[in-house]
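User: I would like to learn how to read some features of a structural model. Could you take me through them one at a time?

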Amino acid sequence: MSQAPRIRTVLGCTLLVIALGAGAAGCGHSESNPLSAKPYDAAGQIAYNGPSGSAKADPDKPLEITARGGRGRITDVTAADAAGRYLAGELDGDGNRWHSTSPLVAGARYTVVVSTEDSDGAPGRRTLTFDTTAPKDTVNVEFGPDAGKYGVGQPITAELSKPVKDKAARSVVERALKVESTPSVEGAWYWVDDKKLHYRPKDYWPAHATVRATSRLEGVRIADKLYGGPAKPLKITTGDRIEAITDASSHYMTVKRNGEVINTIPVTTGKPGFSTRNGVKVVLGKQYYVRMRGETVGISAGSADAYDLPVYYATRVTWSGEYVHAAPWSVGSQGAENVSHGCTGMSTGNAAWFYETVNEGDIVKVVNSIGEDMTPFDNGFGDWNVDWDKWRKGSVLQADAKAGQSKLNSARLRPQV
């Protein structure tokens with residue numbers, strides 16, 4: 001058998017390797033390749049409209065960088081403040097002009113890196129730094145509640161120092177306010193009014209979660225001449241999932257911990273005319289002793305329904321005065337009929353147990369009462385009585401996203417003609 005073809009193949013492979021080696025060696029020479037050269041100082045190649053010396057830039061004016069005629073072109077621009085917030089911008093197709101497309105942050109220091117190339121393709125670079133003027137009119141943010149441990153029903157609140165009404169301005173605010181939890185859950189902000197937002201998950205927070213609220217609004221332009229102010233970050237944790245469900249028709253409260261029933265308590269709720277509100281409420285606080293008087297809820301002194309009582313182990317669930325508390329005077333009615341003026345009453349022993357078991361942020365739910373429904377925001381935390389779809393509509397960003405998705409789905413379903 002002839003071996004000639006095999007010899008030719010080996011020789012061909014050897015020549016190919018030599019040729020590739022020569023090519024690789026050629027690529028290793030930096031002298032002939034401008035891309036491998038160290039970037040030159042592009043100071044003479046560009047001009048920008050930023051301040052010079054100790055002067056500060058007006059954050060209401062866009063940043064613009066241009067290439068000096070005939071001296072090369074701009075290939076890239078990155079601009080960011082000291083907090084790591086990047087400034088969006090556009091570079092024209094010829095590399096002659098870059099300009100910012102989002103507002104600068106007020107009271108910030110910017111670092112701008114401009115990359116260029118000359119007519120031979122050699123790279124240049126120039127780094128610019130400047131400060132922007134501090135804002136005169138700001139909206140500060142205060143998160144709530146106070147840092148600490150809460151139940152799984154505790155909403156996060158954000159109180160603004162000034163009203164924000166415009167939809168576009170609200171988008172800026174909402175985009176800058178972040179709530180993150182571990183484990184992660186789906187959630188959204190809801191604009192309660194022009195100065196207050198609430199944040200809650202789709203369902204309750206997970207048990208033993210960590211929740212953090214932060215703001216990146218400081219220095220950000222909200223509206224004309226109005227900027228974001230500072231905000232102290234917030235961290236809370238959750239404990240066990242405690243839920244107390246009161247059935248006003250059966251006159252019993254069932255208490256669960258992490259889904260498991262841990263107690264069933266005979267109770268009395270509001271009598272006709274003073275019926276306890278239906279719905280989910282959140283524990284607002286606890287007081288060992290409260291003096292309860294009928295005048296505080298609109299009952300005239302001296303009337304048949306007037307009262308003035310010392311009350312112990314009082315767990316508050318509404319600002320208008322609804323509590324879960326010890327009611328030794330109604331033990332005979334507990335588990336049988338509703339005789340209170342709206343509170344949920346139980347024996348002193350059961351009230352003491354409940355007082356020690358629940359904490360701020362825990363869930364207290366009333367069902368089958370003939371009373372009105374718990375309102376969402378004006379009488380405590382009734383946030384959970386708003387269904388998720390409606391809650392999302394209270395967020396500017398979520399509502400816009402949902403509307404955009406609906407339009408996209410409609411376009412997909414539209415038959416072609």
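Analyst: Begin with how elements are named: helices and strands are DSSP runs, numbered from the N terminus, and a strand needs at least two residues. With that numbering, P145 sits in the loop between strand 10 (141-144) and strand 11 (148-150). Keep in mind that this is a predicted model.

User: What is the peptide bond from G144 to P145, cis or trans?

Analyst: The angle to read is omega. For the bond from G144 to P145 omega is near 5 degrees, and the bond is cis.

User: Where is P183, and which residue does a cis peptide bond join to it?

Analyst: P183 belongs to the loop between strand 13 (177-182) and strand 14 (187-191). The cis bond joins T182 to P183, with omega about 0 degrees.

User: Why does H208 count as exposed?

Analyst: Exposed means over 50% relative accessible area. H208 counts as exposed because its relative accessibility is 51%.

User: Which phi does K225 have, and in which loop does it lie?

Analyst: K225 is not a glycine, yet its phi is positive, about 70 degrees. The loop that holds K225 runs between strand 17 (221-223) and strand 18 (226-228).

User: How far from D362 is the nearest side chain of opposite charge?

Analyst: A salt bridge requires a side-chain nitrogen of Lys or Arg within 4 Å of a carboxyl oxygen of Asp or Glu. For D362, the nearest side chain of opposite charge is K286, 7.4 Å away; D362 is buried and has no salt bridge. D362 lies in the loop between helix 3 (348-357) and strand 28 (363-367).

User: What does the side chain of D362 reach?

Analyst: The D362 side chain reaches the backbone nitrogen of N359, at 2.6 Å.

User: How much space lies in the largest pocket, and which residues lie nearest its centre?

Analyst: A pocket is read by its volume and its lining. The largest pocket holds about 670 Å³ of space. Its lining has 33 residues, with Y307, G321, H341, G342 and C343 nearest the centre. By class, 13 of the lining residues are nonpolar, 14 polar and six charged.

User: Which strand gives the largest share of that lining?

Analyst: Strand 24 does, with four residues. Strand 24 (285-293), strand 25 (308-316) and strand 26 (323-326) each supply at least two lining residues.

Terms used. Residues numbered from 1 in each chain as written. Predicted model: local features only at pLDDT ≥ 70, side-chain atom pairs only at ≥ 80, totals over all residues. Heavy atoms only, no water. 1 Å grid on protein atoms, 1.4 Å probe; cavity = no way out; pocket = protein on both sides within 12 Å on 5 of 7 lines; lining within 4 Å. Points joined across faces, edges and corners; volume = space filled by probe spheres on them. Nonpolar A, V, L, I, M, F, W, Y, C, P; charged D, E, K, R; others polar. Buried < 20%, exposed > 50% of the residue type's maximum accessible area, 1.4 Å probe, protein only. Lys, Arg positive; Asp, Glu negative; His and termini not counted. Polar contact = N/O pair within 3.5 Å; in protein donor to acceptor, adjacent residues only side chain to side chain.
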